[in-house]
Amino acid sequence: MTHRQWIAQCIELALDNAARGQAPFAALVVRDGTVIGQGVNDVKATEDLAGHAEVRALQDAARHSGSRRLAGCVLYTSCEPCPMCLGAIYWSGLDEVYYGLSVAEQAEFDDLPERQYAEFRRPARERRVQMAQATPDGMDPRRPFLAD
C-alpha cells in the first residue's frame with residue numbers, strides 16, 4: 001500500500017470512531033507492509049488522558065511485537081501528532097510518521113495541539129505551567145537509577 005492508502009485507512013477508522021461518539025482520531029503502526037498496531041482515541045470512553053490514537057497504536061504494536069522498541073516501523077495517523085504523542089513516538093524509536101491533517105489545519109476544529117506546540121517553544125520560565133526542581137534533604141534523586 002502507498003502512504004496515501006494507509007492514511008485513507010486511518011481516516012476511515014477515525015470516522016468509525018467518531019460515529020461511536022469518540023474523538024475522530026486513528027493511527028496504525030506498520031512494519032514491512034503489515035499492520036502490527038492499531039489505535040483510536042478513547043479518552044471519552046476511558047477517561048484516560050493518554051488515550052490518544054497514536055499512543056494506543058504504539059501500545060498495540062509493542063504488545064504484538066513483544067518489544068517497546070519499534071525501529072523499522074512507520075506510524076500512520078489521521079492527524080499530526082500532539083506533543084504528548086510525539087514524545088511517545090520518540091520513545092518508541094519509530095523511523096517515520098505520516099499524517100493526514102496538520103496541526104494547523106486541525107486548529108479549525110480544536111486548537112489545543114497548536115497552542116501546546118507554541119507553549120513549548122516559549123522559554124520555560126514564560127510557560128503557563130511552572131516547573132521547579134525539588135530535591136529532598138539528604139536524598140539523591142538519582143538513587144532509583146543507581147539501584148540494582
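**Exercise 1. Find what share of the contacts in the protein chain between residues at least 6 apart in sequence join residues at least 24 apart.**

Solution. Start with the term: contact means heavy atoms within 4.5 Å. Among the contacts that qualify, 44% join residues at least 24 apart.

A word on the model before going on. This is a predicted model, where local features need pLDDT of at least 70 and side-chain atom pairs count only at pLDDT 80 or more, while totals for chains, interfaces and linings use all residues. Residues are numbered from 1 along each chain as its sequence is written, and side-chain values use heavy atoms, with hydrogens and water left out.

**Exercise 2. List the elements of the protein chain from the N terminus on.**

Solution. Helices (H or I, at least four residues) and strands (E, at least two) are DSSP runs, numbered from the N terminus. The protein chain holds 7 helices and 4 strands. Their order is α-β-β-α-α-β-α-β-α-α-α.

**Exercise 3. Work out how the strands are arranged in the sheet.**

Solution. Strands pair if DSSP finds at least two bridges between them.

- Order: the open sheet runs β2-β1-β3-β4, with mixed pairing.
- Edges: β2 (34–40) and β4 (96–101) each pair on one side only.
- Angle: neighbouring strands are turned by 15° against each other on average, direction ignored. Axes here are lines fitted to C-alpha atoms, for helices over the stretch in contact, and angles run from 0 to 180 degrees between N-to-C directions.
- A closer look: β3 (residues 73–79) and β4 run parallel, joined by 5 bridges. Y76 has Y98 of β4 as its bridge partner.

Helix α3 (residues 53–65) lies across β1 (26–31), β2 and β3, at about 140° to β2.

**Exercise 4. Identify the largest nonpolar core and the element that gives the most to it.**

Solution. A nonpolar core is a set of buried Ala, Val, Leu, Ile, Met, Phe, Trp, Tyr and Cys residues joined through side-chain atoms within 4.5 Å; buried means under 20% relative accessible area (1.4 Å probe, protein chains only). The largest core has 12 residues, including A27, V29, A57, L75 and L94. β1, α3 and β3 each supply at least two of its residues, and α3 gives the most, with 4 residues. Apart from this core lies another, of 10 residues, among them W6, A14, L28 and V74.

Finish with V29: leaving aside neighbours within four places in sequence, its contacts include I36, A57, L58, A61, C73 and L75.

Methods
Buried means under 20% relative accessible area, exposed over 50%, partly exposed in between (1.4 Å probe, protein chains only).
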